[in-house]
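Welcome! Please take a moment with the sequence and the structure below, and then we will walk through some of the features together.

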Amino acid sequence: NIFVIEKKKTELYQELGLQARDLRFQHLMSIATRNNRIIMRMEFLKAVITPEFLLILDYRNLNLEHWLFNELASQLSGEGQLVTYSLPFEFRAIEAILQHRISKLQGRLNTLQPQILETLEALVDPKLLSVDRSKLHILLQNGKSLSELETDLKVFKETILEILDEEELIEELCLSKWTDPQVFEESTSGIDHAEEMELLLENYYRQAEDLANEARELRVLIDDSESIIFINLDSHRNVMMRLNLQLTMGTFSLSLFGLIGVAFGMNLESSLEEDPRIFWLVTGIMFLGSGLIWRRLLSFLGRHLEPPLPPHVPAVLKKSQPAAGRVEIKNNLKAETFGLSRSTLTNQ
């Protein structure tokens with residue numbers, strides 16, 4: 001049965017037999033027991049579980065109507081895919097809330113993962129000479145969302161782990177064990193409800209751990225991609241700097257031999273300007289000298305910018321190293337054998 005009620009907070013906690021501080025929900029995620037009541041909060045979802053009913057508080061404006069009226073009812077009645085359908089009511093309620101929380105976290109990860117991979121694939125392309133700022137902005141937003149998801153997963157795991165570390169807390173979550181004598185007799189005869197509750201919490205702890213590992217892999221992928229982006233940008237920057245340096249050297253070579261043309265261009269009276277072949281001779285010398293100087297400077301630049309070759313290891317050393325290792329091993333074995341024989345004789 002599903003019904004909606006509106007009550008004041010004072011009337012609610014008096015009817016449930018709780019204190020006012022019990023319904024403050026101070027922590028973002030918490031699972032606690034008070035007066036045979038389970039008080040749960042999973043971010044915006046606030047719930048109170050009793051052996052008879054599940055109370056969802058302040059569900060409006062949280063987009064929970066579809067889950068409450070279409071999925072939760074069938075799950076609690078045993079028609080859903082809950083593992084705890086054969087166990088008491090509080091088991092089904094706890095599992096339904098945990099499953100809802102895990103599905104929300106899984107949905108956020110499934111939304112972020114393709115966006116991050118698509119953005120990184122566009123940014124890591126080595127053909128790009130610059131980085132698209134819009135892609136970087138999208139990656140920054142996705143990185144923040146991923147950090148929030150990692151925080152939520154961490155808090156979820158810590159909340160469940162606090163209960164798993166305390167056996168008394170697990171016992172307190174089994175409400176029907178203490179209210180229904182028949183259930184208590186069944187638990188003492190073979191069905192350990194505390195163990196079932198522990199297995200239930202461990203199952204969702206492992207699911208959260210798997211999601212955290214996937215989120216961690218995405219974080220590592222983002223960090224590695226950032227390094228690749230910086231390497232590509234540095235590579236393109238080095239190419240541009242090298243090209244600028246080559247053009248500077250070419251300009252220097254032309255200007256150096258251009259002094260000859262400047263000298264002949266002055267208004268000096270000599271017999272050379274009367275010969276028509278001198279113009280082509282001086283021009284050829286200028287271009288040939290500039291080309292030779294530029295080529296010389298390029299070779300000098302190549303020698304100093306190329307990475308050094310690894311040091312050459314003589315072949316004699318390569319062959320002698322394994323032999324020396326075998327000799328040492330044999331000597332050690334001989335020493336150990338002699339020591340063993342002496343100790344054996346002494347013992348005898």
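## A buried threonine

Threonine 33 is buried, at a relative accessible area of 18% (buried means under 20% relative accessible area, exposed over 50%, and partly exposed in between, using a 1.4 Å probe and protein chains only). This is a predicted model, in which local features need pLDDT of at least 70 and side-chain atom pairs count only at pLDDT 80 or more, while totals for chains, interfaces and linings use all residues. Residues are numbered from 1 along each chain as its sequence is written, and side-chain values use heavy atoms, with hydrogens and water left out.

You will find threonine 33 in strand S1 (helices, H or I with at least four residues, and strands, E with at least two, are DSSP runs numbered from the N terminus). Leaving aside residues up to four places away in sequence, threonine 33 touches Ile38, Glu172 and Leu173 (contact means heavy atoms within 4.5 Å). With Glu172, the side chains of the two residues make a polar contact of 2.7 Å (a pair of N or O atoms within 3.5 Å; within protein, one must be able to donate a hydrogen and the other to accept it, and residues adjacent in sequence count only if both atoms are side-chain atoms).

## The sheet around it

An open sheet is built from 4 strands in the order S1-S2-S3-S4, with antiparallel pairing (two strands pair if DSSP finds at least two bridges between them). Strands S1 (29-34) and S4 (54-57) are at the edges with a single partner strand each, so one side of each has no neighbour in the sheet.

Further in, S2 (residues 37-42) and S3 (residues 45-49) pair in the antiparallel sense over 5 bridges. Here arginine 41 stands opposite lysine 46 in S3.

Most residues other than glycine have a negative phi. Asparagine 35, however, has a positive phi of about 50°, and glutamate 43 has one near 60°.

Asparagine 35 sits in the loop between S1 and S2 and is exposed, with a relative accessible area of 53%. Glutamate 43 belongs to the loop between S2 and S3 and is buried, with a value of 18% for its relative accessible area.

## A pair of helices

Helix H2 (residues 65-76) packs with helix H3 (residues 89-123) at an angle of about 140°, their axes being 9 Å apart (axes are lines fitted to C-alpha atoms, for helices over the stretch in contact, and angles run from 0 to 180 degrees between N-to-C directions). Among the residues that meet here are Trp67 and Leu72 in H2, and Phe89 and Ile97 in H3.
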